[in-house]
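This briefing is for a reader who has not seen this structure before. Please look through the sequence and the model first.

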Amino acid sequence: FVVFAILTPVAPKLPVLATPAISLSPSVGVPGSTVKVIGTNFSSSAGDQLQLYFDDTLIKPDSGPISGAVNFQATFIVPDSARSGYHFISIKGTAGTVLAQKQFYVPEQEVTLNVWSGTVGTTVEAFCKGFHAGKDVTIQYYYTNSAQMLAAQTTNAAGECTMQFTIPASSTGSHQVLAKNEFGDSAQTDFEVIPSLSVDPAVGGIGDIVTILGTGFTANSEV
């Protein structure tokens, strides 16, 4: 018997390229803060000029243009216009195609007080976070349908600051405390004013004149 073997040519398998990916450090930040983008597996875009997007806004990395390579690193500043919530950081190729994408979170603005109630003259410490990095935040105190600025402080790189203020003459009850910046970002809380009385002198004899000072009472009310 004669056995014939038929050999079928087999095309060599092409190497499978890994999917491009990016990571963010940090993945949470405020407007004005710096974020590092680390790209891997971009060999299919070697030599291309890649573009960085914050949602639909083209961002110019402060570290310079991003050129296609296997791996790359770039840094950018979170835009002033970024509002609280989730956003997409994207790397696009020359044709505008999204090559890699990652979520980035901008936290909400918050203001908290170390004490929530007290008499007129109480010293209060306010802690603000989630505001634009490196910009001033002011504290506004509301009473009699008007606002008074009581303090101002510049935030750190994380968008945080702490400041102290004194509760001014105001009526009993809840008053709005508003923290805000020049970009329209704000957060609010309330401070409860408690009425108080002081007597001068505290000790005396019959017939002595005593001065009683009351603060924090409701305007135009009998005491």
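Predicted model: local features only at pLDDT ≥ 70, side-chain atom pairs only at ≥ 80, totals over all residues.

Residues are numbered from 1 along each chain as its sequence is written, and side-chain values use heavy atoms, with hydrogens and water left out.

Helices (H or I, at least four residues) and strands (E, at least two) are DSSP runs, numbered from the N terminus. Two strands pair if DSSP finds at least two bridges between them.

**The sheet of 3 strands**

- The strand order in this open sheet is β9-β11-β14, and the pairing is antiparallel.
- Because β9 (110-113) and β14 (161-166) are at the edges with a single partner strand each, one side of each has no neighbour in the sheet.
- On average, neighbouring strands of this sheet are turned by 25° against each other, direction ignored; axes are lines fitted to C-alpha atoms, and angles run from 0 to 180 degrees between N-to-C directions.
- Between β11 (residues 123-129) and β14 there are 6 bridges in the antiparallel sense.
- Valine 124 has phenylalanine 165 of β14 opposite.

**The sheet of 5 strands**

- A second open sheet, with mixed pairing, has 5 strands in the order β10-β16-β15-β12-β13.
- Its edge strands, β10 and β13 (146-154), each pair on one side only.
- Antiparallel pairing over 8 bridges links strand β15 (residues 173-180) to strand β16 (residues 186-193).
- Histidine 175 has phenylalanine 191 in β16 as its bridge partner.

**Threonine 122**

- The loop between β10 (117-118) and β11 contains threonine 122.
- Threonine 122 counts as buried because its relative accessibility is 18%; buried means under 20% relative accessible area, exposed over 50%, and partly exposed in between (1.4 Å probe, protein chains only).
- A polar atom of the threonine 122 side chain lies 2.6 Å from the backbone oxygen of threonine 119.
- Contact means heavy atoms within 4.5 Å. Neighbours within four places in sequence aside, threonine 122 is in contact with Val115, Phe165, Thr166, Ile167 and Phe191.

**Glutamine 51**

- Strand β3 (residues 49-54) includes glutamine 51.
- With 31% relative accessibility, glutamine 51 counts as partly exposed.
- From glutamine 51 to isoleucine 66, the separation is 15 residues in sequence and 6.9 Å in space, C-alpha to C-alpha.
- Neighbours within four places in sequence aside, the contacts of glutamine 51 are Leu58, Ser90, Ile91, Lys92 and Gly93.

Note on methods:
Polar contact = N/O pair within 3.5 Å; in protein donor to acceptor, adjacent residues only side chain to side chain.
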